[in-house]
Amino acid sequence: MTLRLNFWTIITILTWALLAVLLFGPVGSVLLSSLYGSKGEFTLANYVTFFSDWRFAQSFLNTLVLGFGALVGALLLGFTMAFCMSRFRIAGSRFLSLLSILALVSPPFIGAYSWIVLFGAGGVVRAGLRSIGINMPPIYGLGGILIVFALKFYPFVYLMVSGALGNVNRSLEEAAEGLGLTPLQRVVKISLPMVFPAISASALLVFVLAIADFGTPRLLGRGYSVLATEAFAAYSAEIGSNFSMGTTISVVLILVSLVFVALQRYMSRRNVYHGNLINKPTRIQLKGWRNFLAHVVVYVVALCGALPVIVSVYYSFRKTNGPVFQDGFALQSYQRILFNLADVVRNSLTFSAIAVLLIVLVGTIVGVLVARRTSLNTSLLDAAFMIPYVMPGIVIGIAYIAAFNTGAIVLTGTASIIILSIFMRRLPYTVRTTATALRQIAPSLEEAAVSLGYSPFQSFLKITIPLIVPGIIAGGMLSFVTAINELSSSLVLYVGSTMTMPVRIYLLVLDGDFGTAAAMSSILLLLSGIAVYIAFRFMGRDEQALL
Amino acid sequence: MAYLEITEATKSFGAFVALQGVNVSVERGEFFTLLGPSGCGKTTLLRAIAGFNDLTSGEITVDGVDLRRVPPHRRDIGMVFQDYAVFPHLSVFNNVAFGLKPRKIPPTEIKTRVAAALAAVHLEKLADRLPAAMSGGQQQRIGLARAMVINPRLLLMDEPLSNLDAKLRIELREEIRDIQKQVGIATIYVTHDQEEALAISDRICVMSAGHIEQIGTPQEIYGNPRTRFVAEFVGTLNLLTPGAATDALVSGLGVASAEQWAIRPERLALSEPGDSGVAGTVTRYTYLGREAHVYVDTPIGNLAVQIANPGVTAASAVGDTVSLRVDPAALMAFATNGARIGTGR
C-alpha cells in the first residue's frame with residue numbers, strides 16, 4: 001500500500017516538473033521577456049507601445065473582427081448543416097460526413113492557397129468568369145479570410161452540434177408540438193436551448209482557432225494584419241527584429257483566448273441539460289422543393305469546405321514546368337518530393353511518431369492520475385492542462401524560443417524542441433480522454449477482479465487497461481494527425497535540418513511553387529487519412545473524437 | 001462461534017455514521033439477507049466484508065480468521081454485483097475462468113469446473129460469446145457462475161436482481177436459491193425488496209439508519225415483527241386511528257401503554273352490514289386478479305382489507321356499507337419508541 005502511494009506521489013511530482021519545464025517555464029519566459037526592454041531593464045514600455053501604436057491597436061481590433069466573423073460564419077454553416085443532417089433524410093450523408101472530415105484534417109492554409117488559385121488575382125475561376133464578361137473581385141482581404149475561415153471551421157460546429165441534436169429527446173419537441181408551437185418556434189424555443197452548450201463550446205473553439213491561425217491571414221490578408229501575424233513578424237523580421245514586442249503580442253493573444261475560454265465556461269455552466277434518451281430523434285423525409293433545397297445547402301457547404309483538398313490533389317497531378325502548370329497530367333511534383341524533399345517527409349514522420357509515443361505514454365499515466373487520485377492536487381493539475389488549449393501555436397513557438405534559447409537547457413535549432421512543443425500542445429487531449437474513459441469504467445469491474453483474487457494492480461492491468469487501450473490507440477492516431485499538420489509553432493522553431501512538411505508547404509507556397517506544395521499537401525492528407533481510418537477502426541466511426 | 005461473525009461493526013464517513021455497532025453471525029451454508037431502505041448501511045456492511053471499504057472499528061471473522069487483516073484479493077470471497085460487472089472484453093468462458101487462474105488450477109480442471117458452473121446457470125451454449133450484447137439476466141448469470149466457480153468461503157450479493165424486470169427477477173431468485181442450497185456456500189444477500197428477502201432467505205436482518213432492527217426467519221420477520229419499522233417495511237400495515245372506537249376494540253387485550261395499534265390487511269375480513277364488527281363505508285375498490293384491496297372508512301381508521309380470491313364479479317362498490325371483522329389476536333401494539341409490546345399473531 002505504501003509502495004503504491006509512493007509510486008503515485010512520484011508520478012505527481014514528475015508531472016508537475018514536466019509542466020514546470022515545458023509549460024510554466026516557457027509561458028513565464030514570454031511574460032518576463034515582454035516586461036523587459038532591449039537593455040534588460042524592467043519596463044512596461046512594450047505594453048505602452050502596444051496600446052498606443054495605431055498599428056497594434058488595428059491588428060488587435062482586426063483579430064477580434066476575424067475571430068467573431070469566423071465564429072458567426074462557421075456557426076451559420078455548421079448549424080445549418082448539423083440541423084439538416086440530423087433531422088432530414090439526406091442522400092449520401094456518409095459521403096457528406098467524409099467531406100467534412102476531409103476539410104477538418106486538411107493541412108493548414110493550403111485551403112487559403114487553393115482559394116487563391118481559384119479566385120485570386122490570376123485565379124482560374126475568375127479568369128473563366130472574366131472571359132464570359134463577369135468581373136468579380138479577387139478573394140483577398142477580410143472578406144476572403146472570413147469565407148475561408150467559415151468553410152474551414154464549420155466542421156467543428158457541425159460535428160459538435162449534430163452530436164448534441166442527436167441527443168435531444170424527441171418527446172420534448174413532440175410535447176412542444178402538442179402545446180401548439182410552430183416548427184420554427186420549436187427549433188428556436190426547444191432544440192436551440194438544448195444544444196446551446198454544444199454551440200457555445202464549438203463557437204469558442206472556432207474563435208480560439210481563428211485568432212491563432214497564422215497562415216490564412218498571411219496569405220489572403222494582403223495587409224490585413226492580426227496579432228498572430230504581427231507576433232511572427234516581430235519575431236522573424238530580418239532587420240530590427242523585436243523579440244520582446246513579439247512576446248508582448250503573444251501575451252495579449254493568450255489573454256484574449258483566456259477571456260473567451262472563461263466566458264464560454266461561464267455561459268455553458270448554467271445551461272447543461274441531462275435528458276433521458278428513451279425517444280431518440282428520427283430523420284424525416286422532406287418532400288418537393290424543401291427536400292431539394294436541403295440537399296443543395298448541405299452539398300454546397302460540404303463541397304466548398306472540401307474544395308481546397310480536391311483542388312490540391314488535382315493540381316498535385318498536373319504537369320509542370322518549374323513552378324508553371326502545363327496542360328496534361330504527370331507525376332513530376334511527386335518525383336521532386338521523392339528526390340529533393342524526402343528528408344522533410346522523414347522529419348515530419350519521425351517527429352510526429354516520437355511526439356505521439358511520448359503523448360500516449362505520459363498522457364495515459366497522467367490521465368490515470370487525474371481520474372483515480374482525485375484531490376486538490378489533481379484538480380489543479382487538470383486546470384493546468386487547460387493552458388495549452390488556449391495557447392496559439394505561434395505563441396508556443398515563441399515561448400519555447402524564449403525559454404530554451406539560453407540558460408540551463410538550450411534546445412533551439414534541435415529536433416527536440418519541435419517534438420516537445422507538439423508533445424505539450426497535444427498532451428492535454430490525451431490526459432482528458434484517458435481520464436474520461438477511466439471514469440466511464442464502472443468501479444465494480446475492478447472490484448470484481450479483486451474479489452476473484454487479483455491484487456488491485458493486477459486488476460488494473462488485466463481489466464482496465466484492455467478496456468481503455470482501443471481509446472488510447474485511437475487518441476494517439478488523432479494526435480498524430482494534429483502533430484503532422486502542425487505549422488505555426490514549427491515555423492518559429494525550425495532550422496534548415498529540422499524542416500517539416502507543413503513548413504515546407506508554406507515556403508513552397510510563398511515561392512509560388514504550387515505544384516510541389518499541392519503534392520506535399522496530398523501526401524500529408526493521405527497520412528492524416530490513414531491515421532483517422534485506424535482511429536475509427538479502433539473506436540468505431542466517431543467524428544466527434546476528431547475535435 | 002458462528003462461521004461468519006461480525007462484532008460491533010462501526011463505519012463513519014466524516015460526520016455521517018453509516019454503521020453503528022452492528023453484530024451479526026451467520027452459519028455455514030446459511031442464506032442470510034440484509035434488508036432495508038437505501039442508506040440503511042446494508043451495502044456498507046457488505047462492502048466491509050468484501051474488503052472494499054474497511055470498517056472504522058469492529059471485527060469480522062470467517063471460520064475464526066480475522067478478515068480485516070487480509071487484503072481484499074486474498075479474502076476468497078465471491079461477489080455478485082448490482083451492475084453485473086461482467087468483463088466486456090472477455091468471453092463468457094473466460095469471465096467465469098478468470099478467478100481460477102490466480103488460483104493456479106490446471107487447465108483441464110478449469111475447463112470442467114467452468115463447464116459445470118455454466119451448466120448450473122444454463123449458459124453452457126453461450127460459452128464462447130462476448131457478453132456485451134447479452135441481456136441483463138444472462139449477464140447476471142455469468143456474474144453468479146463467476147463468483148461460485150472459485151468455491152469461495154463466502155458469497156456476497158449486492159442487489160443482484162434490482163436491474164432486472166419483474167418476471168425475470170422472480171425466476172432468477174429461485175435459481176439463486178436452488179444453486180446456493182446445492183453448493184452450500186454461506187451467502188450474504190443485500191436487497192431493499194422485502195418480497196425478495198422473504199422468498200429467498202433462511203434468515204433476514206432488517207436494518208435501518210445504520211443499526212439492526214431485527215434478525216429472524218422470514219416467518220418471524222413478517223409474522224412477528226419486533227418493531228414498528230419492521231412491521232411497516234415488510235408487508236403493508238394498517239394503522240388504527242387513536243380514539244374511543246380503537247380503545248373499545250383493544251380494551252380486553254391487556255396492553256395499557258400502546259402508542260399505536262396496527263393490523264395487517266389480510267387479517268381483516270368483510271361481512272354483511274349489521275353483522276358483529278366495526279361498521280364502515282367502502283371508499284375504494286382495487287381489483288388485482290388473484291386478490292382485491294378494499295378500503296373501508298371506519299371509526300378506527302381508513303383501513304385496507306385484502307381479499308383473497310375476489311372472484312369474477314366485484315365484491316363491493318364505493319359507497320357500500322359493510323361490517324369489518326377484526327381478529328383481536330392479529331392486532332399489534334407498538335410503544336412510543338417503536339418497540340412491539342402487543343403479542344398478537
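Predicted model: local features only at pLDDT ≥ 70, side-chain atom pairs only at ≥ 80, totals over all residues.
1. Overall form of chain A. The secondary structure of chain A consists of 24 helices and 2 strands. Its radius of gyration is 25 Å, close to the 24 Å that the globule rule gives for 547 residues, so chain A is as compact as a globular protein of that length. The C-alpha trace of chain A spans about 75 × 70 × 50 Å along its principal axes. Of the 547 residues in chain A, 46% are buried. Among the contacts in chain A with a separation of 6 or more, 79% are between residues 24 or more positions apart.

2. Contact between the chains. On the side of chain B, 18 residues are in contact with 14 residues of chain A. Strand E6 of chain B, residues 77-80, supplies the largest share of the chain B side, namely 3 residues. The class composition of that side is 12 nonpolar, 4 polar and 2 charged residues.

3. The six-stranded sheet of chain B. Strand E6 also takes part in an open sheet of 6 strands with mixed pairing, in the order E6-E7-E8-E3-E9-E10 (chain B). The edges are held by E6 and strand E10 (211-216) of chain B; each has a single partner strand, so one side of each is left without a neighbour in the sheet. From one strand to the next, the twist averages 20°. E6(B) and E7(B) run parallel and are joined by 4 bridges. Within this pair, Val80(B) has Met157(B) in E7(B) as its bridge partner. Helix H4 of chain B, residues 136-148, packs on the sheet and touches E6 and E7 of chain B. The direction of H4 makes about 175° with that of E6(B).

4. The five-stranded sheet of chain B. Another open sheet has 5 strands in the order E13-E17-E14-E15-E16 (chain B), and its pairing is antiparallel. Strand E13 (268-271) and strand E16 (301-308) of chain B are the edge strands, each pairing on one side only. Neighbouring strands in this sheet are turned against each other by 45° on average, direction ignored.

5. Strand E14 (residues 278-287) and strand E15 (residues 291-298) of chain B pair in the antiparallel sense over 6 bridges. Thr286(B) has His293(B) in E15(B) as its bridge partner. E14(B) and E15(B) form a hairpin with 3 residues between them, and Gly289(B) in the turn has a positive phi of about 90°. E15(B) continues the arrangement with E16(B): these strands run antiparallel and are joined by 8 bridges. Asp297(B) stands opposite Asn302(B) in E16(B). E15(B) and E16(B) also form a hairpin, with 2 residues between them.

6. Backbone points to check. Most residues other than glycine have a negative phi. Glu8(B), which is not a glycine, has a positive phi of about 50°. Glu8(B) is found in strand E1 of chain B, residues 4-13. Glu8(B) counts as partly exposed because it has 13 C-beta neighbours inside 10 Å. Glu159(B), likewise not a glycine, has a positive phi of about 45°. Its location is the loop between strand E7 (154-158) and helix H5 (166-183) of chain B. Glu159(B) is buried because 20 other C-beta atoms lie within 10 Å, and a count of 20 or more is what the buried class requires.

Note on methods:
Residues numbered from 1 in each chain as written. Chains lettered and ligands numbered in written order. Contact = placed C-beta atoms within 7 Å. Nonpolar A, V, L, I, M, F, W, Y, C, P; charged D, E, K, R; others polar. Rg over C-alpha atoms; globule rule 2.2 N^0.38 Å. Buried ≥ 20, exposed ≤ 12 C-beta atoms within 10 Å, placed from the backbone. Pairing = 2+ DSSP bridges. Axes fitted to C-alpha atoms, helices over the stretch in contact; angles between N-to-C directions.
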